[in-house]
Amino acid sequence: MIHHFEVDGVPALYAPRPGRSAAGLVFRVGRADESLARTGITHLVEHLALHRSGVQVHRFNGATGQLHTHFLLEGDDHEIRDFLRCVCESLTALPMDRLETEKAILRTEEAGRGTNAAEATGLWRYGAQGHGLVSYPEWGVPGLDPQTVQHWADTWFTRDNAALWIAGERVPEGLRLPLRPGRRMPAPQPTSALPETPAYFAAGRGQVLFETVLPRTAAADLYTACLDRELFQDLRQDGGLSYTAGADHAHRGDGVLTVTALADALPEQQDAALGGFVDVLARLAVAGVDPGTLNALRRRADAVHAQPDTDPARLPGCAADLLSGLPVRSREEIRAELAAVTPDDVRTVAQQALAGGLLRVPAGHRADWAGYAAAPLHSAGAVDGTRHRSREAGGPDLLVGRAGVSLVREGEAATVRYDACAAFLAWPDGGRRLIGTDGISVEVEPGCHAVDAHTLATIDAAVPPQAYVRMPPRAAPARPSQAGAPRPGAAAPARRSSPLQLAVNMVLTLVAGVFLLFALGGALGADDESRSDPVYWGVLVVAAGIAALLLRSVWRRSRPRAR
């Protein structure tokens, strides 16, 4: 059973468990509260606050998520008291003599970190702000000064924006949390970079990835379990198309579940894996789940909540719920919600999941055939301004105007307006990158366009100061981003067919149609004598083969080709 109490004005939760105690201090601040130009500031505060804990026998750690930052510990009563007090005192006066050292540690940590599903899809769903910031490096860390870092800690890491949890044989006596007063911070409103859903984009190789957001309910939990089971059954056990095929979910922190599903495949099986993946999503939305399967999955989920150590394991999430204004549910309430879920409930959730889904297909593939809209790679239009021609044959031209900058080519544009610039990366050699809040980016490279110092100065002056990120020297100037693929990780889109190519394809299609009609007409209209004549049938087979070869040629000419 989870008990509520309070320490120095901080709401707290306790659940009994035998053995070594564990405790955690949670703050309602994370990556989604930052700006792109200051990404990493919360993570840096976390590292600085833990430094004074030193090298301890007990286990302690910190974690910065999308909406919450945790300080965690396992130890005895004395160690828990000292750790919590030390963290709180450090937050009110961070050890700034460690600032540059911790910055270097964060860069090392980032270099060794892989990309998870949220990072792969975040910027496509949310843009370069809010929850989409998990897709970007911690660009803000190198330029952070002591005053900015301490102000962030004083604003977000306060008594009124914190919650405590403890699991153990008792609540340690004499607990103190000497934090500054402040205010409870609401979660940021989710943004959207998708004009419509379900949507898809092409990136990476060897994996199909699906992501959607759902209200956090028992029906959503069981839908995730169903999706996990069906993908594994269809793509691995029955089809032999994938090694890893399944689904999972994570709490976003504001009453929303982010559900992700993934399947890997060899290059020669990617088409089949993508088709099977899409079929599973559609089947659950249309036919739902078999009652027997749902009951089996329900029993498995209920067994987890029936375990005696469930409440202590739930404490970190329950503390985060407190900070988000969400109710702390008992095990009995959760089990009752699971018992009430029907197959129709799961089918409804499956329909919601599909309607709001975002699908990542391997590079060179598409999903519009399955009803998914292509996520935007381009801006709606270009700014009015001075045109700077590309020095590369066929490269995009750069437009620099009063409102912003654009890269344009073949009627397509990537535009970042100054008033919607999330980050402005500036290198000492004159290179610039503007990233819009919608995730679209524009490279300004003097070596690739005839951009003089005056034009660069004009851009520098027009960008809001809070978006400015001074980058360290680089070994060589970057190549300009193509106007057709302005999002990180995006696969280059297909070139449009020229008028000559379209004309050739039309002619080939017409000729193929003539041969095909000849073959079909001959087969359907053959008399008794012709049916027994092998030469007659040979001619028809040759005609059908020619039609197939011509149609294959048209298909190959029309396939997407990388720029």
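Colleague: Angles under 35 degrees count as roughly parallel, over 145 as roughly antiparallel, 65 to 115 as roughly perpendicular and the rest as oblique. How do H7 and H11 lie to each other?

Modeller: This is a predicted model, with local features needing pLDDT of at least 70 and side-chain atom pairs 80 or more, while totals for chains, interfaces and linings use all residues. Numbering starts from 1 along each chain, and side-chain values use heavy atoms, without hydrogens or water. H7 and H11 are oblique, because their axes cross at roughly 135°. Those axes (lines fitted to C-alpha atoms, for helices over the stretch in contact; angles run 0 to 180 degrees between N-to-C directions) come within 7 Å.

Colleague: Where do I find those two helices?

Modeller: H7 is residues 270–286 and H11 is 343–355. Helices (H or I, at least four residues) and strands (E, at least two) are DSSP runs, numbered from the N terminus.

Colleague: Which residues of H7 and H11 make the contact?

Modeller: H7 brings Leu281, Ala282, Leu284, Ala285 and Val286. From H11 come Arg347, Ala350, Gln351 and Leu354. Contact means heavy atoms within 4.5 Å.

Colleague: And how do H1 and H5 lie to each other?

Modeller: H1 (41–51) and H5 (146–156) cross at roughly 85°, so they are roughly perpendicular. Their axes come within 10 Å.

Colleague: Which residues meet there?

Modeller: On H1, Ile41, Thr42, Leu44, Val45 and Leu48. On H5, Thr148, Val149, Trp152 and Ala153.

Colleague: Switching to strands. What is the order in the open sheet?

Modeller: The order is S1-S2-S6-S3-S5-S4, with mixed pairing across 6 strands. Strands pair if DSSP finds at least two bridges between them.

Colleague: Which strands stand at the edges?

Modeller: S1 (3–7) and S4 (59–64). Each has a single partner strand, so one side of each lacks a neighbour in the sheet. Neighbouring strands here are turned by 20° against each other on average, direction ignored.

Colleague: How many bridges does S4 make with S5?

Modeller: S4 pairs with S5 (69–75) over 6 bridges, in the antiparallel sense. Arg59 stands opposite Glu74 in S5.

Colleague: Which strands does H2 lie across?

Modeller: H2 (77–92) lies across S3 (21–27), S4, S5 and S6 (162–168). H2 runs at about 155° to S5.

Colleague: Last one. What stands opposite Phe210 in S10 and in S11?

Modeller: In S10, Phe210 has Ala261 as its bridge partner. In S11, Leu359 stands opposite Phe210. S8 (207–215) and S10 (256–264) run antiparallel, joined by 9 bridges. S8 also runs antiparallel to S11 (358–361), with 3 bridges.
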